[in-house]
Amino acid sequence: MTFKKFSMPQLERHIRRIVEQPARILWTRHAKQRMRQRRISLEDALECLRRGRIDLPPEVDLPSARLMCRLRWYGAERDVQVCVGLDDKDPELIVVTVIA
């Protein structure tokens, strides 16, 4: 499977399937630091992954060759964005950063 050929709705569905299995989500140290710094709870970040939309075209990160997707979710109190990386060779979802 090559994520680069997926449409944005297909990528959103794939991300939602992964989120149903939390053990398949890898949180980078950077993402955890930003969540603490920006006071974003794990539940808010997960809700963004479950319900958010990709509103910008995904881009390939050249050093890692991962397809980077930014999901945006308008929660009850604020806008949350989660940037994730998808790798054709790795079935996990890599959370790179979280933005509020």
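Let's start at Arg39, which sits in the loop between α2 (29-37) and α3 (42-51); helices here are DSSP runs of H or I with at least four residues, strands are E runs of at least two, and both are numbered from the N terminus. This is a predicted model, where local features need pLDDT of at least 70, side-chain atom pairs count only at pLDDT 80 or more, and totals for chains, interfaces and linings use all residues. Residues are numbered from 1 along each chain as its sequence is written, and side-chain values use heavy atoms, with hydrogens and water left out.

Arg39 is not a glycine, yet its phi is positive, near 55°. Most residues other than glycine have a negative phi. Arg39 counts as exposed, at 70% relative accessibility (buried is under 20% relative accessible area, exposed is over 50%, and partly exposed is in between, with a 1.4 Å probe and protein chains only).

Another non-glycine with a positive phi is Ala65, at about 65°. Look for Ala65 in the loop between β3 (59-61) and β4 (66-74). Its relative accessible area is 43%, so Ala65 is partly exposed.

Now for the cysteines. A disulfide is a pair of cysteine sulfur atoms within 2.5 Å, and by that rule the count is zero. Why is Cys69 not bonded? Its closest cysteine sulfur, in Cys83, is 8.0 Å away, which is too far for a bond. Seen from the other end, Cys83 is in no disulfide either, with the sulfur of Cys69 as its nearest cysteine sulfur. Cys69 is buried at 0% relative accessibility, and Cys83 also counts as buried, at 13%.
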